[in-house]
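Here are a few exercises to work through with the model open. Try each task before you read its solution.

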Amino acid sequence: MENVVLIVHLILALCLIAVVLLQRSEGGGLGMGGGGGGVSSRGGITGLHKLTWAFAIAFIATSITLTIFAAQNSADTSVIDRLGIDAPDGDASPLLPPDGTLLPPPAEGDPLVPPPVE
């Protein structure tokens with residue numbers, strides 16, 4: 001089912017690109033220029049405009065559907081599960097030495113470097 005929606009999504013994307021490129025340019029950017037007359041500078045709604053809206057709505061619907069599919073597929077696992085790395089024990093802390101003893105704070109003149117690993 002997910003593959004069918006993905007194929008439809010890709011076809012809609014190509015159709016949407018084609019329909020937008022087929023439309024007539026309305027002049028300069030940011031609403032300047034353009035044709036038409038009367039009170040509004042915009043012309044009437046043509047068939048290409050309606051088709052563009054239909055493709056855009058269908059594209060958004062398939063995008064949302066694919067997002068729902070992806071969320072359902074990833075809800076049970078995490079990236080670390082897929083890598084096969086074991087999770088650390090709950091009582092182990094990466095800030096403590098392996099034997100669990102705390103190190104004394106450095107004296108004022110000591111450099112702030114970790115002790116050598118044995």
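Contact here means heavy atoms within 4.5 Å. This is a predicted model: local features need pLDDT of at least 70, and side-chain atom pairs count only at pLDDT 80 or more, while totals for chains, interfaces and linings use all residues. Residues are numbered from 1 along each chain as its sequence is written, and side-chain values use heavy atoms, with hydrogens and water left out.

**Exercise 1.** Work out which pattern the chain follows along the sequence.

Solution. Start with the elements, which are DSSP runs numbered from the N terminus (helices: H or I, at least four residues; strands: E, at least two). You'll find three helices and zero strands. Reading along the sequence then gives α-α-α.

**Exercise 2.** Describe how α1 and α2 pack.

Solution. Two packed helices are described by the angle between their axes and the distance between the axes. Axes are lines fitted to C-alpha atoms, for helices over the stretch in contact, and angles run from 0 to 180 degrees between N-to-C directions. For α1 (residues 2-22) and α2 (residues 47-74), the angle is about 150° and the axes are 9 Å apart. Angles over 145 degrees count as roughly antiparallel (under 35 is roughly parallel, 65 to 115 roughly perpendicular, the rest oblique), so α1 and α2 are roughly antiparallel to each other. As for the residues of this contact, 18 are nonpolar, six polar and one charged. Nonpolar covers Ala, Val, Leu, Ile, Met, Phe, Trp, Tyr, Cys and Pro; charged covers Asp, Glu, Lys and Arg; the others, Gly among them, are polar.

**Exercise 3.** Decide whether histidine 9 and phenylalanine 59 are buried, partly exposed or exposed, and find their partners.

Solution. First, the cut-offs: buried is under 20% relative accessible area, exposed is over 50%, and partly exposed is in between (1.4 Å probe, protein chains only). Histidine 9, in helix α1, has 13%, so histidine 9 is buried. Phenylalanine 59, in helix α2, has 25% and therefore counts as partly exposed.

Next, the partners, leaving aside neighbours within four places in sequence. Phenylalanine 59 touches His9, Leu12 and Ala13; histidine 9 is in contact with Phe59, Thr62, Ser63 and Leu66. Finally, check the spacing: histidine 9 and phenylalanine 59 are 50 residues apart in sequence, yet 6.1 Å apart in space, C-alpha to C-alpha.
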